[in-house]
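Hi there,

Here is the structure I promised to pass along. Have a look at it first, and then read on for what turned up.

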Amino acid sequence: MLDLLLNEQSEVRMYTENDLEQAIEKGIFTASAVEQFRQDRLQRRNTHFADEEDFKLVSSFNDIFVLMACALLLLSTGWVLQAASPALAALVVAGLSWGLAEFFVLKRKMALPGIFLLVSFVGSIFAAVMLTIGWPSENGFMLAGSVAAVAAWCHWKRFKVPITVAAGTASAVVFIVSLLVSLFPSLKSYLSWLMFGGGLVVFIVAMRWDAADLKRVTGKSDVAFWLHLTAAPLIVHPIFSTLGIFDGQHSSASLALIMGLYLLLTLVSLVIDRRAFMVSALVYVLVALTKLLDTYGLAGDSFAYVGVFIGFSLLLLSGFWHKVRYQLVRHLPASWQAKVPVIQ
């Protein structure tokens, strides 16, 4: 049976990991046979699959075409209905997002439209609750965050879109932070550090998903990818806000701290083998370094200088990623090595 699957692989567009897992559950394939199939794919590709941080986004231009059509339909629908009731418009957009996902995600297995429809669904649910309550408040964010988290969970149970877990976790963080601020108003002064704590929680959740698929051959790896992409800005933004980078407070000490922080993020990214974690924080580093160089008489050219330096560094790291990571990971404790992908 699996031989037939292998032979038809070149004729059919693709088989998703979810398809294979469902086939195991239904008894069509055995778990060992599917694992042999995955290993065969890895050998034929002749590449370190786990080290490439692969995730599915676009299989053809039709994905982009469908995305544009969905965006046009949802935005136009929301625009037409918002004159009557903004909250109703958000609910209708959420309903349409779910309905479109029934066909394009559940049946057509389209990754890019699936991501967009998930974001529009959860975002519309969050917006509908906020618009119903009225003026934003801690209680409003708390209620909206909890409802959005439940909506994300329902979406995950139905469609299994990898980004759903990240959206639900982010919504849960909003709920918890809002709940704490509501119960203890004095914590409002420490909102950035609450966000930082939420980022650490998201990072821990991401590592748990990563640890469940160290070979990165199932959909669990895609879930971890989006969680890391969510965790990085939640961790980095509060630190830069505390340094006063975005408020015009620039100094040589701040420059040193920024470079040290990004070096730390790079080391963490190498250890966990997640470029997404480092890239997600890149925009903050670019903005912060640009603002700092502006104070040293490089106004107008500062972004170009920063771009050259960061771009060259990233390209150099990309070229030697495997070798650098191997040297770094091999010096870690054995208990740590067992929880991260290891280059063979």
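Predicted model: local features only at pLDDT ≥ 70, side-chain atom pairs only at ≥ 80, totals over all residues.

The overall picture is helical: the protein chain has 16 helices and zero strands. Of its 344 residues, 40% are buried. If you take the contacts between residues at least 6 apart in sequence, 68% of them join residues at least 24 apart.

Two helix pairs are worth a look.

Let me start with H4 (residues 61–81) and H6 (residues 111–133). Their axes are 8 Å apart and meet at an angle of about 20°. Because angles under 35 degrees count as roughly parallel, H4 is roughly parallel to H6. The crossing of these two helices is right-handed. On the H4 side, the contact is made by Asp63, Ile64, Val66, Leu67, Cys70, Ala71 and Leu74; H6 brings in Ala111, Leu112, Pro113, Phe116, Leu117 and Ser120. Sorted by class, the contact of H4 with H6 holds 11 nonpolar residues, along with one polar and one charged.

The other pair is H8 (residues 163–183) with H9 (residues 191–211). These helices pack at an angle of about 145°, and their axes lie 10 Å apart. H8 passes H9 in a right-handed crossing. From H8, the residues making the contact are Val165, Thr169, Val173, Val177, Leu180 and Val181, and from H9 they are Leu191, Leu194, Gly198, Val202 and Trp209. By class, nine residues in the contact of H8 with H9 are nonpolar and two are polar, with no charged ones.

Is tyrosine 262 buried or exposed? Its relative accessibility is 8%, and since buried means under 20%, tyrosine 262 counts as buried. Which residues does tyrosine 262 contact, leaving aside its neighbours within four places in sequence? They are Met278, Leu282, Val285 and Leu314. For valine 285, which sits 23 residues from tyrosine 262 along the chain, the separation between the two C-alpha atoms is 7.3 Å.

Happy browsing, and do write back with any thoughts.

Best wishes

How values were computed
Residues numbered from 1 in each chain as written. Heavy atoms only, no water. Helix = DSSP H or I, 4+ residues; strand = E, 2+ residues; numbered from the N terminus. Buried < 20%, exposed > 50% of the residue type's maximum accessible area, 1.4 Å probe, protein only. Contact = heavy atoms within 4.5 Å. Axes fitted to C-alpha atoms, helices over the stretch in contact; angles between N-to-C directions. Left-handed = near helix turned anticlockwise from the far one by under 90°. Nonpolar A, V, L, I, M, F, W, Y, C, P; charged D, E, K, R; others polar. Parallel < 35°, antiparallel > 145°, perpendicular 65-115°, else oblique.
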